[in-house]
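Good morning, everyone, and thank you for making time for this. Please have a look at the model on the screen, and then I will take you through its packing.

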Amino acid sequence: LSGAPVYPPSAMLVESGPDLPYLYPPFLLPLLSPLTSLPRPPLIDVWLILCLLTAVWTCRRLGIPWIAVPCLLAWPPFAEGLLVGNVQILLFAAFVAVFYEPGEGAPEQRDLRSRPGHDLLNGILAALVGALKITQALPTLYLARRRIRAAVLGVAAIGALALVTLPLTGVQIYWDWLAQLQRAADPAWTIGGVAVGHRLGIPDVIPIALGIVLALVVRGRDSAAWLGIALIIATPSVHGYTFLFMLPAMLTIRRDLAIPIGVLFLGVYHGYAWWMAFMFVVY
């Protein structure tokens, strides 16, 4: 609104506070700008309540009993996102809405091929997961193998939104955005997360390629759980709330194994412990 750069390289030097770099796509700016004219405290309250309600809905969609929902919301991947109002809470809900049926008990994966009437909705939800966080685009790739029409409709809807807002943002800002994402992928950026590539000292392209291959080859009743695993592998900026995508896999394995893994490893803020828990779940 002020005409200042949205993606200045200097923002990458900030380690805390409100001046942290904005990494979301430019088409969101015209949608978010009007919110700045509203009183901030009630706006933040409404957003945090929305995140909380969305998290509860997600737990129920995954068949979590009501009595266990508060415990799961206190689990760090959920709690971190809820405390700061991170959009990952909503993106994970979109992921769950696409791939899982509503119901009690163990989560039941959707048969996407038998739901042509839901193509537009499923396509948009899957595309949103990757549109707001570009490194999480695997759900659309996975969906394209099963319902190519849904994937095309979802990508087209996001593309239409970008075109409609283009007169307000301009084209150059998209190049600035891509340049900022490249800076954010630098392992030297200390607040960039605990991606597996950074931990192993390998280029990001290797885990990204592995995640893409996994998303393309998995099939069967646990394929959505494997897709969540692939997404975590392929994300070059993994934070605590990124491990929400491991929850479907944790609900797929034996509960007596999943619970201590979640409590003992993801219950602490230590990147190596997170990846140790992740390896246990994959195994």
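**Cores and helix packing**

Of the 59 residues in the largest nonpolar core, those that touch the most other members are Phe-78, Phe-92 and Phe-99. By a nonpolar core I mean a set of buried Ala, Val, Leu, Ile, Met, Phe, Trp, Tyr and Cys residues joined through side-chain atoms within 4.5 Å, where buried stands for under 20% relative accessible area, exposed for over 50% and partly exposed for what lies in between, with a 1.4 Å probe and protein chains only. Helix 12 gives this core its largest share, 9 residues. Apart from it lies another core, of 14 residues, including Tyr-7, Tyr-22, Leu-28 and Val-87.

Before I go on, a word on what we are looking at: this is a predicted model, in which local features need pLDDT of at least 70 and side-chain atom pairs count only at pLDDT 80 or more, while totals for chains, interfaces and linings use all residues. Residues are numbered from 1 along each chain as its sequence is written, and side-chain values use heavy atoms, with hydrogens and water left out.

Let me return to Phe-92, which, leaving aside its neighbours within four places in sequence, is in contact (heavy atoms within 4.5 Å) with Thr-58, Leu-62, Phe-78, Leu-244, Phe-245, Leu-247 and Pro-248.

Now to helix 12, residues 223-234, which packs with helix 15, residues 271-282, at an angle of about 150°, their axes being 12 Å apart. Helices here are DSSP runs of H or I of at least four residues, as strands are runs of E of at least two, numbered from the N terminus; axes are lines fitted to C-alpha atoms, for helices over the stretch in contact, and angles run from 0 to 180 degrees between N-to-C directions. That angle makes helix 12 roughly antiparallel to helix 15, given that angles under 35 degrees count as roughly parallel, over 145 as roughly antiparallel, 65 to 115 as roughly perpendicular and the rest as oblique. On the helix 12 side the contact is made by Trp-226, Ile-229, Ile-232 and Ile-233, and on the helix 15 side by Trp-275, Phe-278 and Val-282. By class, this contact has 7 nonpolar, no polar and no charged residues, with Ala, Val, Leu, Ile, Met, Phe, Trp, Tyr, Cys and Pro counted as nonpolar, Asp, Glu, Lys and Arg as charged, and the others, Gly among them, as polar. Ile-233 is buried, at a relative accessible area of 14%.

How do helix 6 and helix 8 pack? Helix 6, residues 119-132, meets helix 8, residues 148-169, at about 60°, with axes 7 Å apart, and the two are therefore oblique to each other. Among the residues making the contact are Gly-123 and Ala-127 of helix 6 and Gly-154 and Ala-157 of helix 8, and by class the contact divides into 10 nonpolar, 2 polar and 2 charged residues.

Tyr-142, in helix 7, residues 138-146, is buried, with a relative accessible area of 1%. Setting aside residues within four places in sequence, Tyr-142 has contacts that include Phe-99, Gln-109, Ser-223, Ala-224 and Leu-227. Its C-alpha lies 9.8 Å from that of Arg-219, 77 residues away in sequence.

I will finish with Gly-85, in the loop between helix 4 (76-84) and helix 5 (88-99). Gly-85 counts as buried, at 10% relative accessibility, and, not counting residues up to four places away in sequence, touches Trp-47, Leu-48 and Cys-51.
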